[in-house]
Amino acid sequence: MTTDSEPPRCEIEGCNDRASFELHIPWKENELVCAGHARVKGRQEGIVADALANATDEFPNGAAKR
Ligand SMILES: [Zn+2]
């Protein structure tokens, strides 16, 4: 049984926001990013932004809604 007390942090260097999205990037490993970075990076072709379970922010444009 796992309890996540520590929320994931945005993996972009210099950014310490809470990660709310997982980016699925075809040419490299997935990245956990904050909503702001998901919005920016999610515009690149091929990248799919997936909201994490703990996401409270709104979906960025183009994010997959489930
Ligand atoms: Zn960020």
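His24 has Val48 as its bridge partner in strand S3, and Phe21 is partnered in S3 by Ala51; these pairs belong to the link between S1 and S3, which run antiparallel and are joined by 4 bridges. Helices (H or I, at least four residues) and strands (E, at least two) are DSSP runs, numbered from the N terminus, and two strands count as paired if DSSP finds at least two bridges between them. The model is a predicted one, in which local features need pLDDT of at least 70 and side-chain atom pairs count only at pLDDT 80 or more, while totals for chains, interfaces and linings use all residues. Residues are numbered from 1 along each chain as its sequence is written.

**Overall layout**
- The chain's secondary structure comes to 1 helix and 3 strands, and these follow the pattern β-β-α-β when read along the sequence.
- Of the 66 residues in the chain, 21% count as buried, a term that asks for 20 or more other C-beta atoms within 10 Å of the residue's own, with 12 or fewer making a residue exposed, anything in between partly exposed, and C-beta atoms placed from the backbone.
- Among contacts between residues at least 6 apart in sequence, 29% join residues at least 24 apart, where a contact requires the C-beta atoms of two residues, placed from the backbone, to lie within 7 Å.

**The sheet**
- The 3 strands form an open sheet in the order S2-S1-S3, with antiparallel pairing.
- Strand S2 (31-33) and S3 stand at the edges and have a single partner strand each, so one side of each is left without a neighbour in the sheet.
- S1 and S2 form a hairpin with 6 residues between them; 3 bridges join these antiparallel strands, and in S2 the bridge partner of Phe21 is Val33.

**Faces of the strands**
- S1 has a covered face, made of Phe21 and Leu23, and an uncovered one, made of Glu22 and His24.

**The nonpolar core**
- The largest nonpolar core has 10 residues, namely Cys10, Ala19, Phe21, Leu23, Val33, Cys34, Ala35, Ala38, Ala49 and Ala51; such a core is a set of buried Ala, Val, Leu, Ile, Met, Phe, Trp, Tyr and Cys residues joined through C-beta atoms within 7 Å.
- At least two residues of this core come from each of strand S1 (21-24), helix H1 (35-41) and strand S3 (48-51).

**Cys10**
- Cys10, a member of that core, is placed in the segment before S1, and Cys10 counts as buried because it has 21 C-beta neighbours inside 10 Å.
- Leaving aside neighbours within four places in sequence, Cys10 is in contact with Cys15, Asn16, Asp17, Ala19, Leu32, Val33, Cys34 and His37.
- Cys10 and Glu31 are 21 residues apart in sequence, and their C-alpha atoms are 8.2 Å apart in space.
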